[in-house]
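Here's a quick briefing on a predicted model. Have a look at the sequence and the structure, and then we'll go through the parts worth a stop.

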Amino acid sequence: MKKIWLSLIIITSVIIIMASCTPDSPSSTYSVTYLGVDGGVITTHVVKEGKNDVPPSEGELPVNEEFYWSLTEDGDIFDFSTPITEDIVLYPISKTKRVNVDFFYYEDAKPITSKLCKTGSKVSVSDLGFDDKIYSAKFYEIETDKEFNSSLSYSEEGYKLTCKIYSDKLSISEDCAVKGTDSLRARKGSYTLSIPRYLNETKVKAIDNEAFSAKEGEKSYSFTKLILPDTLTSIGEKAFMNCKELVEVTLPHGVSVLSDSIFEGCISLKMFSCNNEVASIGKNAFKDCSNLASVTLSNNLKSIGDYAFTSCISLPKIFIPSSVSSIGEDAFYDCRIMKEIIIDGDLLSLPGAAWGGNEMYYTDKGARGCKDYHFSIKNLEGEELYSN
């Protein structure tokens with residue numbers, strides 16, 4: 001038995017010694033093969049697994065040839081920041097077959113984006129990330145040997161494409177206010193509504209009253225995210241009232257008033273942050289936003305209207321900046337889980353805000369009144385100034 005154990009120990013020791021003497025396995029490498037226009041190999045680079053390659057230098061290329069590189073004979077340009085994990089072949093695309101196109105909104109001086117496009121290809125506004133089922137534009141052919149109209153011009157740096165954005169799902173009035181159409185209301189499924197800066201060759205300056213609202217019994221618009229252009233200066237009353245699928249809103253600078261009932265009944269809205277230009281929040285602005293759990297108010301906010309946050313039943317606390325000079329009746333009525341109102345400055349004596357009385361919170365409306373819920377008002381240092 002002792003001999004058997006001794007033999008096993010010797011064999012194990014030999015294996016361990018042999019393993020320790022075996023050199024480390026070299027890391028995997030892959031080849032990146034570059035083809036010429038005739039299909040022959042120009043050069044081959046050996047690249048370690050997970051590393052990225054660099055395109056051939058001038059010395060490796062045929063004289064007077066400049067190429068982009070693609071994984072197919074006439075495909076998209078290869079991204080040289082991509083890690084190499086297998087052998088690949090890259091096809092040459094002469095730089096004369098690709099042109100740089102700067103995309104501009106109608107009448108804008110600064111491009112939205114720039115893209116490297118094939119000559120002879122068709123380019124539309126949908127290439128810019130817009131939903132082409134909402135927006136449409138003429139298709140423009142990018143050719144190097146034709147004259148262009150005013151919408152597509154050529155310069156030494158490339159091409160300028162001016163996007164004149166049209167839509168059968170949005171309309172714009174003479175006073176530059178946008179609103180939705182029955183065609184957009186009928187659209188099924190969730191989507192992002194990104195309103196452009198220009199529509200039908202007109203700069204978008206306003207969202208119309210009741211532009212995307214739904215009345216009782218009427219189908220609501222089903223967009224879940226709303227992106228508004230920086231050209232906006234006003235949003236009308238009830239503009240997004242009862243947009244029941246809306247979860248996220250990005251409010252642009254330039255809008256200083258949140259109109260009455262602007263987001264009333266937006267039951268899925270979860271978070272909202274005012275830009276620092278918002279000076280007033282209108283009556284019923286966020287009424288019945290039952291999922292609203294976080295609100296950041298502007299440091300320049302002056303007034304909060306009647307019933308502004310009534311029945312925001314998921315809002316646990318709110319910070320009110322010292323700039324506020326009036327708070328309307330029932331502004332936070334039926335905020336059932338609200339435990340703290342934090343104030344900056346001496347706001348206890350605000351006109352129109354009795355802080356627990358009949359003006360800010362009705363106390364005579366039965367089980368829904370704030371007398372049935374405990375909340376406290378604190379200053380920035382955490383000192384309790386009031387509790388009900």
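In the hairpin of β11 and β12, four residues sit between the strands, and Cys-176 takes a positive phi near 70 degrees. Residues are numbered from 1 along each chain as its sequence is written, and side-chain values use heavy atoms, with hydrogens and water left out.

**The hairpin and its sheet**

- Strands β11 (residues 170-172) and β12 (residues 177-180) run antiparallel, joined by three bridges; two strands count as paired if DSSP finds at least two bridges between them.
- Within that pairing, Ser-171 stands opposite Lys-179 in β12.
- On to the next neighbour: β12 and strand β16 (residues 206-207) run parallel, with two bridges between them.
- Ala-177 has Ala-206 of β16 as its bridge partner.
- β16 also pairs with β18, again over two bridges and in the parallel sense, and there Ala-206 has Ser-234 of β18 as its bridge partner.
- Put together, the four strands make an open sheet in the order β11-β12-β16-β18, with mixed pairing.
- β11 and β18 are the edge strands of this sheet, each pairing on one side only.
- As a reminder, strands of a sheet pair through backbone hydrogen bonds, either parallel or antiparallel.

**The other four-stranded sheet**

- A second look at sheets: β2-β1-β4-β3 is the order of an open sheet of four strands, also with mixed pairing.
- Its edges are β2 (41-48) and β3 (67-70), each of which pairs on one side only.
- On average, neighbouring strands of this sheet are turned by 30 degrees against each other, direction ignored; the axes are lines fitted to C-alpha atoms (for helices, over the stretch in contact), and angles run from 0 to 180 degrees between N-to-C directions.
- β3 and strand β4 (residues 88-94) run antiparallel and are joined by four bridges, with Tyr-68 standing opposite Ile-93 in β4.

**Cysteines**

- Is Cys-176 buried or exposed? Cys-176 counts as buried because its relative accessibility is 14%, and buried means under 20% relative accessible area, exposed over 50% and partly exposed in between (1.4 Å probe, protein chains only).
- Cys-274 has a relative accessible area of 8%, so Cys-274 is buried too.
- How many disulfides does a search of the whole structure find? The search comes back with zero, where a disulfide is a pair of cysteine sulfur atoms within 2.5 Å.

**Two loop residues**

- Asp-108 lies in the loop between β5 (98-105) and β6 (113-118).
- With a relative accessible area of 17%, Asp-108 is buried.
- The side chains of Asp-108 and Tyr-198 make a polar contact at 3.1 Å; that means a pair of N or O atoms within 3.5 Å, where within protein one must be able to donate a hydrogen and the other to accept it, and residues adjacent in sequence count only if both atoms are side-chain atoms.
- Setting aside neighbours within four places in sequence, Asp-108 is in contact with Arg-197 and Tyr-198, contact meaning heavy atoms within 4.5 Å.
- Glu-245 is found in the loop between β18 (234-235) and β19 (248-250), and counts as partly exposed because its relative accessibility is 39%.
- Glu-245 is 22 residues from Phe-223 in sequence, while their C-alpha atoms are 6.2 Å apart in space.
- Beyond neighbours within four places in sequence, the contacts of Glu-245 include Tyr-221, Thr-224 and Ser-268.

**Whole chain and confidence**

- The protein has two helices and 29 strands, and 42% of its 388 residues count as buried.
- Of the contacts with a separation of 6 or more, 44% come from residues 24 or more positions apart.
- The average pLDDT (the predictor's confidence in each residue, from 0 to 100) is 79, and 75% of the residues score at least 70.
- Among the elements, β16 has the highest mean pLDDT (97) and strand β8 (residues 140-141) the lowest (46).
- The pLDDT is below 50 over residues 8-12, a stretch with zero contacts in the model beyond near neighbours in sequence.
- Residues 143-150 also have a pLDDT below 50, and that stretch has 11 contacts beyond near neighbours in sequence.

How values were computed. Predicted model: local features only at pLDDT ≥ 70, side-chain atom pairs only at ≥ 80, totals over all residues.
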